[in-house]
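Visitor: I have a structure to look at and want to learn how to read it. Where do we start?

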Amino acid sequence: MSKVNRHIYLIGFMGCGKTSVSIAMNQLYGKNIVEVDDRIIAKEGRSINQIFAESGENYFRDLETEMLKELADEDNIIVSCGGGMVLREENRRLMKENGVIIWLDATPETILDRVKDDDSRPNLKGKKNVKDIKALKNKRADAYAEAADIKVDTDGKTIREVAKEIYESV
Ligand code: S3P
């Protein structure tokens with residue numbers, strides 16, 4: 001690894017494997033991981049669905065920004081970000097300042113397969129079909145591309161292969 005004492009931020013659309021890949025990087029390389037959504041859930045004592053329904057998406061996005069600021073002080077961790085983390089310019093800047101940003105990507109078909117039985121994501125409610133996933137993904141594509149230092153396509157690869165690819169490229 002060439003960059004020491006820098007975080008690795010995993011970004012990408014819902015269902016692109018950020019959580020699974022971060023766990024594999026912990027297992028393979030002993031990297032400490034932080035799942036931003038889990039921290040937010042613990043801090044709020046509410047699920048993501050509840051936060052969106054009761055306080056709105058903007059409130060959730062504020063929590064994400066707050067969390068990125070808190071995590072900046074930690075030492076050399078893998079930060080598994082929610083799929084919408086890149087939407088705010090401030091968040092993209094905070095990540096750039098504190099580490100290397102890895103964009104995990106997958107096709108809408110693969111994403112659908114991974115998210116279809118999971119109702120924990122408010123932004124996919126009523127959108128569990130290839131057309132809607134493709135549309136939302138396209139809408140966000142520029143933000144992912146702008147944020148990313150490295151893009152990794154995950155289709156047809158195992159989680160471990162993706163983890164190794166990231167480890168070797170940072
Ligand atoms: C979101 C992605 C989710 C979670 C929230 C919003 C999004 O994270 O942060 O439901 O808008 O893309 P995952 O990408 O881990 O599912």
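Guide: Start with strand pairing. Histidine 7 stands opposite glycine 99 in E4. Strands (E) are DSSP runs of at least two residues, helices (H or I) of at least four, both numbered from the N terminus. Two strands pair if DSSP finds at least two bridges between them. This is a predicted model: local features need pLDDT of at least 70, side-chain atom pairs count only at pLDDT 80 or more, and totals for chains, interfaces and linings use all residues. Residues are numbered from 1 along each chain as its sequence is written.

Visitor: How many bridges join E1 to E4?

Guide: Strand E1 (residues 7–11) and E4 are joined by 5 bridges and run parallel. E4 and E5 also run parallel, with 4 bridges. There, aspartate 105 stands opposite aspartate 153 in E5.

Visitor: Is E4 mostly covered or uncovered?

Guide: Count neighbours. A residue is buried if 20 or more other C-beta atoms lie within 10 Å of its own, exposed if 12 or fewer, and partly exposed in between; C-beta atoms are placed from the backbone. In E4 (residues 99–105), 6 of the 7 residues are buried, so the strand is mostly covered.

Visitor: What does isoleucine 102 touch?

Guide: Contact means C-beta atoms, placed from the backbone, within 7 Å. Leaving out residues up to four places away in sequence, isoleucine 102 touches Ile8, Tyr9, Leu10, Ile11, Ile150, Val152 and Ile166.

Visitor: Why does glycine 156 count as exposed?

Guide: Because glycine 156 has 9 C-beta neighbours inside 10 Å. Its place is the loop between strand E5 (150–153) and helix H8 (159–169).

Conventions
Contact = placed C-beta atoms within 7 Å.
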